[in-house]
Structure formats: structure tokens, C-alpha cells
Amino acid sequence: MTTQLELVRARYTEIVVFSGRSIRQFLRSPSAVVSATIFPIVMLGMQVITFGRLVGDAVPGDYVDRVAPLVVLTTCTFVMETAAFGLYYDARTGLLDRLRTMAVSVTSLLAGRVFGDIARIVVVAAIATAAAHAIGFRFAEGPLAALAFFAVLAAFGFMVTWISLMVGLLVSSRVAISGLLGLPTLLLYFLSSGFVPVEAFPEALQPFVRINPMSTTTETMIGLSSGGPVAGPLLQTLAWVTGISLLCAVLASRKFRALTH
Amino acid sequence: MTAVAATSFVGTERGFLNFAHATWVLGGRTVRTTFSAGRLFLIALAPLTFFVALQAVFAKLMAAQGVDYAQFLPPAIVVQTTMITAMWTVMVVGEQRMSGLMDRLRTMPINHGAVPASILVAAAVRAAVQIGVTVAASYLVGFRFLGGIAEAIAFVLLAAAFAVALSAGTIAVGLNVTDHGSVANTLFVPYILLLMLSTLFVPATLFPGWLQPVVELSPVSAVVEALRSLAGPEQAAVPILFAVAWIVVLGTVFGTAARRAFRRSE
């Protein structure tokens, strides 16, 4: 007879095991690890070199301070495809069925993937931030703000992970994953205020740029690292994160339950 | 008579006519299987996405620098899509290798060179579609072929030639690697470096001084400047010849590498 406490302990262990599995799958592929760490650094370097004068001359302050948070944010989006693939294969290769035969709660798999992916995101983001530090990016608002910087990043990563999991569960083919995730992410990345300030966009697009979750998150992170408004962008970011995560979690769980019952 | 000829093992392998015929057949097969309706949509959508996004982001800033981005950007998107086509070619090679198709084709009495050549055909078709879509879309924001019809045709041919030369290189890569899953990752860094360290998106003068020579000599810059010249009011011989030279060099080097890689894996 299992007590409530034993159930909670069991759930906790399962989630830890599945998180570890998710992380280990990633670490097992050296090319994935190398690219996850190198991509943001290369992107950051290239953006500063190529667009530094074009944008920097038109904006006050260092271009690095604007672009580094955005690049750090893109470490979340780079994770999306592998996160979606991971769950897609788990669902298609019978892992869910095997888990159902075991005395394990299958929802722990989902939770494990979420935590594993967030752990990945935060570590890679830290590396990217270190690289940005090397080319002039500084946390000018103090250590507490720096922690908040990563907390906001993790929140964004949480939302991104749920989107990936939902897509991984709902698509019918592997190619659809790249198509569904790749292009919209690219658009959101470009049409955000991290790349260039909102005023540089055509008037018709500026409202869209303003409410873009990548913009609001980047603005929050810029505020936390170089100074500037934090509360406003933070509230918008939290609204996005809560809304989208809830929607994707509901849809993903529904599909997950359909697959496992 | 035809049945006998079809089962004859003599005369189906060597020679240019056999090569051309086999390439035509295999190329048609590759094109048909990789370009379903859904894929075509995505293939067309990708350059449009980049185009819209970059135009939205940089048009105003570039206007402040005195550059008409509507005329400046479309050739850059065209060149970028040729590079992405080359990366896609690696995937096709990987698919054909992993599914065993390449081995099966090699056991057949057909001209073996047609196997990688057919992939180049598919790459050329893909590039042509994306070039067409990009040019059509850019007309909507004001891009114009300020030369004549001949210059417009030369524009498309030059871009397609660059796509084929690059794809020959990635075919060589695809035939040499063992782990196809990570090839895309490995190619991404050189792609980004070539993409950014060029005059695709910003003029060379906006780069740090020490990088300007690199940017100006890059093959990517050469091709995009040639395309801009062809689309512009006056065609300058130097950029166009420079681009052609780069394409010939790359095509020869990569083509040889691809051929050698294919022979070695037999």
C-alpha cells in the first residue's frame, strides 16, 4: 500500500531519472554539444562584426549590450528541434508503451524532458554569456539583476520547451518539425527589438515587433544587464510565458494521455 | 529488339550519352521524390521569410547610409538560398546513402557518374525555384532588373551556377562523412561565416578595417556583386568576371573532389 508521501517520492525520483536521461541523450552526441555551445558564440561574433557599425552608429550605447541578450535567448530556440525530435521518437518508437507496463508514471517522462531541456538551456546560455563577456557585454546592474537575467531566460526556455514538446507530439512526420519550428522562430528572431530598435522597423510592423515575446524578453534582459525599463517588459514577458506554456501544456498533455491510455 | 538492348550489359555505362541519359532519368526521379507539394511550399517560403525579415529590419538603417535596400537585398537573398540549397544537397546525399539507394544504383549497369550528377540536377532545380520566387517577391517591394532581358537571364544562370558549384562541394562532403546526423551542424558554422563575412547584407565599408579585404575577396561577395551589377542600370565587367572566375574555380575543385569521393567509396 503506497502512502501519499511514497507516491510523491516516487514521482520525484522518476522525474529526476527522466531529466537525467534527457540530458544524457544530448551529451552523448558530441556534435550536438559542440554546436550548441559554438553556434551562439559564432552568431554573436558575426552579428557584432557585420551589423555593429550599421546599427551601432544609429543607436546609443554598445551594440553588444543590445544583441548579446538576444543571442543568449536564441540558445533556447536552438534547443527546440532536438527537444521536439526527442519526444517525437519516444512516442513513435514504443517507449511510451513500454513505460505503461512499468510501475512508473508516464507523465514523469514529460516533466523530465521539460526539466532536462531547461537545464540544457541555462548551461548553454551561461556559456554564451561568458563569450559575450569576452567582447564587452557587462552586467551593469549588479549580481541580483544578473540572476534575474537568467531566471527570465529560464522562463522563456520553459515556454519554448513546451512549444517543442507539443509540436513533437502532434506532428506526423519528422520534416514537419523543422518546418513548423524553424521558420516562425526565424521570423520572430528578426522581427524583434533585440536585433535593431523598434523605431528602425517600418511603421506598419512596429506594433508586431513591440508585442513579439522575443522583443519583450530581450528588453527585460537588456534592462537587467545594462539598465533600462524592466517592469513593463517583464510583465509582458510573463504574460506570454504563462499563456503559451499553459496552452501548449494542455494540448501536449491531452495528446500524451491519448497516446498512453 | 529493345528488350535485348535493355538487358545487354555492354554500352550502358561508358560515354557521355549514357551519362546524360542516366542523369536525366535519375535526376527526374530525385526531383520527383524530393519535391512533393508540401515541400515545394516550404522551399518557396524559406527565401521569402528571410527576405521579408531582413527588409523589415534593415531597410530604414540602410537608407540612412544611402543604400536602396529594395535593390540591394534581393541578390543577397538569392545567393543565400544557393548556399542553403548546397546544405540541403548534403541531406539528400545522406538520405540516399543511408537508405541504400546509392549502393543499389552502383550495382546497376548504368553510368556511375550519373548518381552524383542527378543530385546536382535536383539542386539546380531547387535553386531555380527559389531564385524565381525571390525575384518575383522582390518585384513587389520595388526591385527591378534595370538592364534588359539578357541581363536578367544571366542573373538567374549565374546564381544557379553558383548553387551547382557549391552543391558539388557539399556532395563531396556528404560522400565522405560517416555520421550524417551531425553534418548539418558541422556545415552551419562555415555557412554563417561565409554568409556574414560578405557584402550580402551590408557594404564592405561598414566592416572593421582589418576584415574588409576578406569580405571583398569572398566568393559570396563576388557573386552577389555580380548579381547586383547584372540587375543594375549598368553592367560592370570586373565584378561579373570575378564571380565567374570564382564559380569556375570552385566548380572545378569541388567537382573533382566529389568525383574522387564517389570513386573512392565504390
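The model is predicted.

Helix H2 of chain B runs over residues 16-34 and holds 19 residues. From first C-alpha to last it reaches 26 Å, close to the 27 Å expected at 1.5 Å a residue. Buried residues in H2(B) are B:Ala22, B:Thr23, B:Leu26, B:Gly27, B:Thr30, B:Val31 and B:Thr34. These lie on the same side of H2(B), because they cover an arc of only 160° around the axis. On the other side of H2(B), the exposed residues are B:Leu17, B:His21, B:Trp24 and B:Arg32.

The interface comes next. In chain B, 30 residues are in contact with 32 residues of chain A. The two chains bury about 2,800 Å² between them, and 81% of this area is on carbon and sulfur atoms. Of the area that chain B buries against chain A, 20% is supplied by B:Lys60, B:Leu61 and B:Met196, more than by any other three residues.

Polar interactions can be listed briefly. Six residue pairs are in polar contact between chain B and chain A, counting pairs with both residues at pLDDT 80 or more. The rule finds one salt bridge across this interface. A salt bridge joins the side chains of B:Lys60 and A:Glu203, at 3.2 Å from N to O. On the side of chain B that touches chain A, the elements giving two or more residues are helix H3 (37-64) and helix H8 (183-196) of chain B. H3(B) provides the largest share of that side, 14 residues.

Key: Residues numbered from 1 in each chain as written. Chains lettered and ligands numbered in written order. Predicted model: local features only at pLDDT ≥ 70, side-chain atom pairs only at ≥ 80, totals over all residues. Heavy atoms only, no water. Helix = DSSP H or I, 4+ residues; strand = E, 2+ residues; numbered from the N terminus. Expected span 1.5 Å × (residues − 1). Buried < 20%, exposed > 50% of the residue type's maximum accessible area, 1.4 Å probe, protein only. Arc of directions from axis to C-beta. Contact = heavy atoms within 4.5 Å. Buried area = accessible area lost by both parts, 1.4 Å probe. Salt bridge = Lys/Arg side-chain N within 4 Å of Asp/Glu carboxyl O. Polar contact = N/O pair within 3.5 Å; in protein donor to acceptor, adjacent residues only side chain to side chain.
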